[in-house]
Every structure is written in C-alpha cells, then in structure tokens.
Amino acid sequence: MDRAYVLGLFDAQMRRDAPPEGAGTRVERGGGVVRQAGAAVHDWSGVLWSELDEDSAGPAVRAQLAWLKSPEGAGREFEWKLYAHDRPADLGERLRAAGFVPQEPETLMVAEVAALPAEPVLPDGVRLVEVTDAAGVDLLAAVHEEAFGTGAERLRGRLLDALAQAPDEIALVLATAGDRPVCGARMEMPPGKDFASLWGGGTVAEWRGRGIYRALIAHRARIAAARGYRYLQVDAMDASRPILQRLGFSALSVTTPYLYQA
C-alpha cells in the first residue's frame with residue numbers, strides 16, 4: 001500500500017469532502033475548517049478537517065467556540081478530530097488552552113478490502129445476527145456499554161436514525177452466544193467513496209481472545225467487497241491495533257478526539 005497516497009485520499013474523501021451523516025445534518029465549510037453540525041443533540045457534531053497555519057489557527061478555534069455559544073450549538077458535545085499530520089504542529093495545545101479536553105489517541109488504520117479474509121471464523125456456540133430494527137439496536141447499545149464501560153444512549157439515537165433514514169449506508173451486527181450478545185459492531189458505507197468505516201467491535205470480557213473481533217472484521221469486509229468499496233478504515237484503540245495489523249491493516253496516522261461540552 002502506498003501509505004502517503006491512501007492517507008491523502010482518506011483526507012480528501014472522508015474529511016475534507018465528507019458527506020453529512022444524516023437527514024438535517026449539515027456539513028459547513030469556512031475559515032479553514034470543515035464542521036459537521038448534527039440535526040439532533042445525539043448527533044455527532046465537530047470538526048472533521050482543518051487546513052490551518054500559525055496565523056489562521058487561532059481565529060478558527062475561536063470561531064468554533066463562538067458557534068458552540070450560539071443558540072444552534074448550545075448544549076452540544078463537540079469534537080475536534082485532530083490528526084497527527086494536521087497543522088500547525090501546536091494545534092492540540094491551542095485546543096487545550098481553549099478548553100477542549102483530549103481523549104485517548106487512536107490509530108488510523110486502513111486495509112485494502114480485497115486483501116482481507118472474508119469468511120468469519122467463530123467459536124463454537126457463537127453466531128452472527130444482523131441488526132435491522134430498534135430491538136436489535138437496544139441489544140447492540142447494551143453490549144457496547146458492557147464492553148467499553150461507557151454510556152451508549154447517544155449512540156443508540158444515531159443508530160436508530162441511520163436505520164430509519166439511510167439503511168443501505170450502515171451495517172449493524174451482533175455476535176451472540178446462545179441468546180446473549182457478546183460483541184457488537186457496525187460499518188458505515190458512505191455512497192461514492194472508496195472507504196467504508198468500521199466502528200465498535202467491543203467484546204464482553206469473558207469472551208475476549210476467542211477470535212470474535214476478527215470474525216466481525218471478516219463479516220464486514222465481505223459486505224464491503226460486495227458493495228464495491230476498495231478500503232476499510234478503522235480508528236483503532238491499543239487493544240485492537242495488533243489484531244488489525246495481523247489482518248493486514250496499515251497504520252497511517254494517529255487521531256486524538258478533543259472534546260468540548262458547550
């Protein structure tokens with residue numbers, strides 16, 4: 001893989017020219033940044049892309065703070081998704097000084113779909129179940145909370161909206177042991193792009209280390225191949241990065257979410 005080329009393609013398609021995530025959501029461009037403004041409070045809002053320098057970074061950060069204090073932005077959680085190759089080099093320090101709180105860094109990893117295994121191999125007694133309705137979303141949100149130890153109410157709202165508004169652009173799947181969900185994941189498939197994005201994949205503690213995460217990667221890779229996507233992209237936490245590397249994913253950058261609560 002030509003990493004520089006693929007990173008440039010990712011920046012162009014998935015950040016600079018990102019489509020809105022749902023009905024009513026707006027992607028706004030100006031002042032050197034691309035911002036998504038969610039239609040509902042549970043929607044993701046934040047900066048997807050920036051093209052700044054020493055002189056323009058300060059005004060750009062202040063412009064986001066001004067929007068967050070406006071009636072439209074008030075009360076929202078807002079994320080500036082900063083990548084290690086973004087400029088200026090001290091943009092993270094500027095965001096912290098403005099009140100943004102950095103979260104755990106994640107590694108941007110990409111693989112060519114054609115090079116990935118497409119046959120899920122599951123432990124005995126575990127099966128995959130497609131999620132297509134609200135009851136399934138409730139189960140996926142619950143296993144997300146158990147696996148990651150974080151609340152999933154906002155995620156639940158976004159997934160329900162996605163199924164209602166653009167079901168062909170998202171794939172949701174649960175791994176179940178008997179009737180118990182033990183892992184859940186999703187894939188977002190923006191139309192007209194080369195990349196499909198993998199999210200979730202958290203496995204409950206007692207079922208980790210048995211290949212379920214790898215099986216969900218293969219399951220989603222098969223769907224992506226059938227839909228004509230060239231690449232799979234994931235923001236990998238430390239626990240999943242070695243698994244993804246063994247499957248053939250390449251690390252292209254590091255992304256750190258900077259959160260601000262208006």
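Reader: Hello! Are Phe10 and Phe195 buried or exposed?

Author: Both Phe10 and Phe195 are buried. Buried means under 20% relative accessible area, exposed over 50%, and partly exposed in between, with a 1.4 Å probe and protein chains only. This is a predicted model, where local features need pLDDT of at least 70 and side-chain atom pairs count only at pLDDT 80 or more, while totals for chains, interfaces and linings use all residues. Residues are numbered from 1 along each chain as its sequence is written, and side-chain values use heavy atoms, leaving out hydrogens and water.

Reader: How many aromatic pairs does the structure hold?

Author: There are seven aromatic pairs. A pair of aromatic rings is described by the distance of the centres and the angle of the planes. Rings of Phe, Tyr and Trp (its six-membered ring) pair if their centres lie within 6.5 Å; planes under 30 degrees apart are stacked, over 60 edge-to-face, the rest tilted. Phe10 and Phe195 have ring centres 5.6 Å apart and planes at 80 degrees, so this pair is edge-to-face. Phe10 sits in helix 1 (residues 3–16) and Phe195 in strand 10 (residues 195–203), 185 residues apart. Helices (H or I, at least four residues) and strands (E, at least two) are DSSP runs, numbered from the N terminus.

Reader: Which pair is tilted, with 50 degrees between the planes?

Author: That is Phe100 with Tyr260, 5.1 Å centre to centre. Phe100 lies in the loop between helix 3 (91–97) and strand 5 (101–102), and Tyr260 in strand 12 (residues 250–261), so the pair ties together parts 160 residues apart in sequence.
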